[in-house]
Amino acid sequence: NQFSGSFPPEFLSMGGGRMEQIVVANNQFTGMFPGNFQPTNFIQALHFQNNDFNRMNESICDLHVMERGELTSMKIDCAICVCRLFCNPGNCTASV
């Protein structure tokens, strides 16, 4: 894909918020990757690496299965990762 521009936050509520995976890697999205997923208990995989995001919403960290969600796989660029359970220096691709 070659999607570009801001990532539409409305995308996160498609399907009544019941999406299990969001994979938007390898595009040209910019700005902040949104958070505030509703409901939070469905998303299991979130891959948004290799874009031009400059930050991510910290509420994404709450989706981790060790917190209160079902997220077991996240791929993100290290420069914007703020989740201690997913972001280790040099390795920002994690699975539980």
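**Reading rings, a disulfide and a patch**

Me: What is the relative accessible area of Phe11?

Reply: The value is 26%, so Phe11 is partly exposed. Buried means under 20% relative accessible area, exposed means over 50%, and partly exposed is in between (1.4 Å probe, protein chains only). Phe7 has 4% relative accessibility, so Phe7 counts as buried.

Me: What should I know about the model and its numbering?

Reply: This is a predicted model: local features need pLDDT of at least 70, side-chain atom pairs count only at pLDDT 80 or more, and totals for chains, interfaces and linings use all residues. Residues are numbered from 1 along each chain as its sequence is written, and side-chain values use heavy atoms, with hydrogens and water left out.

Me: How many aromatic pairs does the search find?

Reply: A pair of aromatic rings is described by the distance of the centres and the angle of the planes. Rings of Phe, Tyr and Trp (its six-membered ring) pair if their centres lie within 6.5 Å; planes under 30 degrees apart are stacked, over 60 edge-to-face, and the rest tilted. Searching the whole structure gives eight aromatic pairs. One of them is Phe7 with Phe11: the centres are 5.4 Å apart and the planes at 75 degrees, so this pair is edge-to-face. Phe33 and Phe48 have centres 4.0 Å apart and planes at 10 degrees, so they are stacked.

Me: Where do Phe33 and Phe48 sit?

Reply: Strands (E, at least two residues) are DSSP runs, numbered from the N terminus. Phe33 is in strand S3 (residues 28–33), and Phe48 is in the loop between strand S4 (45–47) and S5. They are 15 residues apart, and the pair links distant parts of the chain. Phe33 is buried, at 0% relative accessibility. Phe48 is buried too, also at 0%.

Me: Which residues form the aromatic cluster?

Reply: Phe3, Phe7, Phe11, Phe29, Phe33, Phe48 and Phe53 form one cluster.

Me: Which residues does the disulfide join?

Reply: A disulfide is a pair of cysteine sulfur atoms within 2.5 Å. The whole structure has one. It joins Cys61 to Cys83, with S to S at 2.1 Å. The torsion about the S-S bond is about -90 degrees, so the disulfide is left-handed. Cys61 lies in the loop between S5 (52–56) and S6 (73–75), and Cys83 in the loop between S6 and S7 (93–95), so the pair ties together parts 22 residues apart in sequence.

Me: Are Cys61 and Cys83 buried or exposed?

Reply: Both are buried. Leu85, in the loop between S6 and S7, has 32% relative accessibility, so Leu85 counts as partly exposed.

Methods
Helices (H or I, at least four residues) and strands (E, at least two) are DSSP runs, numbered from the N terminus.
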